[in-house]
Amino acid sequence: MERKMEENIRDPETGSEAGGEDALVGNVNKLLVTPPGYTGVPRKGHLIFDACFESGNLGRVDYISEFEYDLFIRPDTCNPRFRVWFNFTVENVRETQRVIFNIVNFSKTKSLYRDGMSPVVKSTSRPKWQRLPAKNVYYYRCPDHRRNYVMSYAFCFDREDDVYQFAYCYPYTYSRLQHYLHSLERRNLDYLQREQLGLSVQQRHLDLLTITSPAHLKPDQEKKVVFLTARVHPGESPASFICQGVIDFLVSQHPVARVLRDHLVFKIVPMLNPDGVYLGNYRCSLMGFDLNRHWQDPSPWAHPTLHAVKQLIVQMNQDPKVSLEFYIDVHAHSTMMNGFMYGNVFEEEERVHRQAVFPRLLCQNAPDFSFSSTSFNRDVVKAGTGRRFLGGLLDDTSYCYTLEVSFYSYMAAGSTAPVPYTEDAYMKLGRNVARTFLDYYRLNNLIYDNKPTSLNNSSVDIQAYRQGNSHVNEQNPDGEKAERRIHGNKEEF
């Protein structure tokens, strides 16, 4: 079929046409798409696309036929290299209208779409995000788009008055974070402090949470600090759910959380790149920088959030009363299953073994975390990351990790089919990360509550880590495509 592009794509308010490469500079704004040659009043079924909202991304729409549309991701601001995240709405639909949407300009070729991943969808009458049935999603090289990889999915609109929203993964916006932090502040917890560490280029807040017992806040008190950051890459929204899971657990009245607050100081920066998150970028800041390559020399004006966090960490590292024991930077991964970690490579064999202890304990506590996929490396291209830079800056009692989690799924023990992640499952991984510090510091004997904590005092055989330089499997050896099902619940899509 000949593909008819860039015809009769009009703004419903101004009537102006859109299309061509210029449309990729910004997001579509209530864009009405009508058939070629159509000049009448818009009818039901003439779809209206919109991405002019927080974390939205859709740069262009091409009408192919009544049943098919080509969709173009808007590249990250000031950086055309990155085109992965999408998040847009569709309205003015006709009941039972069937369409195929083709996302045609991904900047990556490898993708979990090959393994059964699917976009998420919600609508005004069904506000809970759901994954589309994997059997309706196809990922392939397309001859019509210079043999680039295209992700196509079929969808049937079923309620005319609904506005439908589609996204690459569950969005977690800057505003959602602000509402969440405000709700925490309103609880007036004496073991939680929120402060503004700095501002982004566009003057958004860089928040810092400190979670610990009040006694640790005294200046002369010796402190063991765990430092956690998330969302340096704005499109990696699962990192925010993990981070919220960590925070929710640490501020709770769970007996493990109380013990952790009594022994440790948790410093958490939940959103390192608030501008990128707000703008709907995948990898970069407002000015097109991948902030996780600029830790060595961040600019106070071009990378102000990174500069502020680095200054704080350097300051703590110089304080003789502070032992900065962990730095964990939370990310999401677009080609691998499960949760896993990246760590650093050291010359001292004992330090190599000690570094492997925390990931191994986390693997015992979190069924979705894979120690076999955890890797310790010194790749040159990762030299500017937080993990690599701080691993070189801090002393040999500190451990720096990147915590990765799949955008799609994990392999449960004994299962041959991947289990897709939900928002709650990401948060559960965050809770398990927090709880693992109890095992690491051997604090289990301080749990006096009769309630089971599901954490046992685990002895770690460091001989198991003698390999030192483990490698990352390109894919989980047990990974198979998910069984393709359509859910029967009438409230599902």
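**Entry 1: N317**

I started with N317, which is found in helix α5 (residues 304–317). Helices here are DSSP runs of H or I with at least four residues, strands are E runs of at least two, and both are numbered from the N terminus. The model is predicted, so local features need pLDDT of at least 70 and side-chain atom pairs count only at pLDDT 80 or more, while totals for chains, interfaces and linings use all residues. Residues are numbered from 1 along each chain as its sequence is written, and side-chain values use heavy atoms, with hydrogens and water left out.

I noted the cut-offs: buried is under 20% relative accessible area, exposed is over 50%, and partly exposed is in between (1.4 Å probe, protein chains only).

Next I looked up what N317 touches. Leaving out residues up to four places away in sequence, N317 touches L393 and L394. Contact means heavy atoms within 4.5 Å. I also checked D395: N317 and D395 are 78 residues apart in sequence, and their C-alpha atoms are 8.7 Å apart in space.

**Entry 2: the whole chain**

I then stepped back to the protein chain. It has 9 helices and 22 strands. Of its 493 residues, 60% are buried. I looked at contacts with a separation of 6 or more: residues 24 or more positions apart account for 73% of them. The chain exposes about 21,000 Å², and carbon and sulfur atoms supply 48% of that. Accessible areas come from the Shrake-Rupley method with a 1.4 Å probe; for residues, only the protein chains shown count as cover.

**Entry 3: the sheet of 8 strands**

I traced an open sheet of 8 strands, in the order β13-β14-β16-β15-β17-β20-β18-β19, with mixed pairing. Two strands pair if DSSP finds at least two bridges between them.

Inside the sheet, I followed β15 (residues 223–230) and β17 (residues 322–333). They pair in the parallel sense over 8 bridges. F227 stands opposite Y327 in β17.

Two helices pack on this sheet. Helix α1 (residues 174–185) touches β13 and β14 (205–211), and its direction makes about 35° with that of β14. Helix α7 (residues 357–365) touches β17, β18 (339–343) and β20 (399–406), and its direction makes about 175° with that of β18. Axes are lines fitted to C-alpha atoms, for helices over the stretch in contact, and angles run from 0 to 180 degrees between N-to-C directions.

**Entry 4: strand β18**

How many residues of β18 are buried? I found 5 of its 5, so to speak of cover, β18 is mostly covered. G339, M341 and G343 point one way, while F340 and Y342 point the other way. β18 and β20 run antiparallel, joined by 4 bridges. G339 has V405 as its bridge partner in β20. With β19, β18 pairs in the parallel sense over 2 bridges. There G343 stands opposite F376.

**Entry 5: α1 against α2**

I compared α1 with helix α2 (residues 238–250). They pack at an angle of about 0°, with their axes 12 Å apart. That makes α1 roughly parallel to α2. Angles under 35 degrees count as roughly parallel, over 145 as roughly antiparallel, 65 to 115 as roughly perpendicular, and the rest as oblique. R176, Y180 and L184 in α1 meet F241, Q244, I247 and D248 in α2.

**Entry 6: two positive phi angles**

Most residues other than glycine have a negative phi. I looked up two exceptions. R146 has a positive phi of about 55°. It is found in the loop between β10 (137–142) and β11 (148–156). R146 is exposed, with a relative accessible area of 75%. R231 has a positive phi of about 60°. It lies in the loop between β15 and α2. R231 counts as buried, at 3% relative accessibility.

**Entry 7: the sheet of 5 strands**

Last, I traced an open sheet of 5 strands, in the order β4-β5-β7-β11-β10, with mixed pairing. β4 (60–65) and β10 stand at its edges, each with a single partner strand. β5 (residues 68–72) and β7 (residues 98–103) pair in the parallel sense over 4 bridges. Y69 has F101 as its bridge partner in β7.
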